[in-house]
Amino acid sequence: MLGRELLFALIGTGATCLATVLGAAMVFFFKKDMSPKMQKIFLGFAAGVMIAASVWSLLIPAMEAAREQGHNELLPVGIGFASGALFLLLLDRLLPHQHIGSDEPEGLPSHLKKPTMLVLAVTLHNIPEGMAVGLAFAAAAMNETAALAGAVALAIGMALQNFPEGAAVSLPLRSSGAGKRRAFLCGALSGVVEPVFGILAVLVAGTVQGIMPWVLSFAAGAMIYVVVEELIPEAHLGEHSHAGTASVIVGFLVMMLLDVALG
């Protein structure tokens, strides 16, 4: 049965990874980088999608799974959520990376080049996304129609924000002098981490009995950390932004409606 769950997880995370690849391919069609306003809009939309996905696609199913197992939902959901946030905090402190539009690298000191640092920054965003989509499709592999619809809704939401995310890596690299192929490859590679961590999350959840509520909450905590630590500040770029705020609301609304309508 675990083989079926892994296959479903691979299909789901493969689709969201493909959206990143397609977004990175925009480097072959556009010569200029995104405007600051467009970056705010895309980052805000991604933040809204991830907040809604954390609630409807991860935390609520985690609570339901805990109740079905006969456990109080507060312990696995609370500890799992906090653990996910701490995990991303640790990665943020250790993994060398540099955010788009920033001149200061973060993480441990390294001699990595800027393109590699940009890819690693987006990789941090994609780790919890991959876990979330992988776990959702693994649950759908248990022949639950509602679970499949919810997993598809989550994948659509993640794909909608992964497309501009791929372009947000490749286009700045092209503007800074990198070749089109290299810029595309860097943008595409930033999405590969989603299938990797999606499969790992399913393997962990499938080998330890009753751990699904913990893993779902873990992914939610990691996603909220990304939103608060990086996406919302970058969407506002240090100033009040009506475009950034509106895009967060739109992203939340789109993901919520997708999950309610399909899930």
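**Salt bridges, a buried helix residue and a surface patch**

The count of salt bridges comes to 2, where a salt bridge is a side-chain nitrogen of Lys or Arg within 4 Å of a carboxyl oxygen of Asp or Glu. The structure is a predicted model, in which local features need pLDDT of at least 70 and side-chain atom pairs count only at pLDDT 80 or more, while totals for chains, interfaces and linings use all residues. Residues are numbered from 1 along each chain as its sequence is written, and side-chain values use heavy atoms, with hydrogens and water left out.

Side chains of opposite charge can pair when their charged atoms come close.

Asp92 counts as buried because its relative accessibility is 2%. Arg93 has a relative accessibility of 49%, so Arg93 counts as partly exposed.

Ala47 lies in helix H2, which covers residues 36-68. Helices (H or I, at least four residues) are DSSP runs, numbered from the N terminus. Ala47 counts as buried because its relative accessibility is 0%. When neighbours within four places in sequence are left aside, Ala47 is in contact with Val227, Leu231, Ile232 and Val248; contact means heavy atoms within 4.5 Å. Ala47 and Pro233 are 186 residues apart in sequence, and their C-alpha atoms are 10 Å apart in space.

A nonpolar patch on the surface is formed by Leu185, Leu189, Val192, Val196, Leu200 and Leu203, which together have about 480 Å² of accessible area. Helix H6 (180-189) and helix H7 (193-207) are the elements that give two or more residues to this patch. The most is given by H7, with 3 residues. Patches are made of residues with over 30% relative accessible area and no salt bridge, with nonpolar side chains (Val, Leu, Ile, Met, Phe, Trp, Tyr) joined within 5 Å and like charges within 9 Å. Accessible areas come from the Shrake-Rupley method with a 1.4 Å probe, and for residues only the protein chains shown count as cover. Leu185 lies in helix H6 and counts as partly exposed because its relative accessibility is 47%.

Conventions
Buried < 20%, exposed > 50% of the residue type's maximum accessible area, 1.4 Å probe, protein only.
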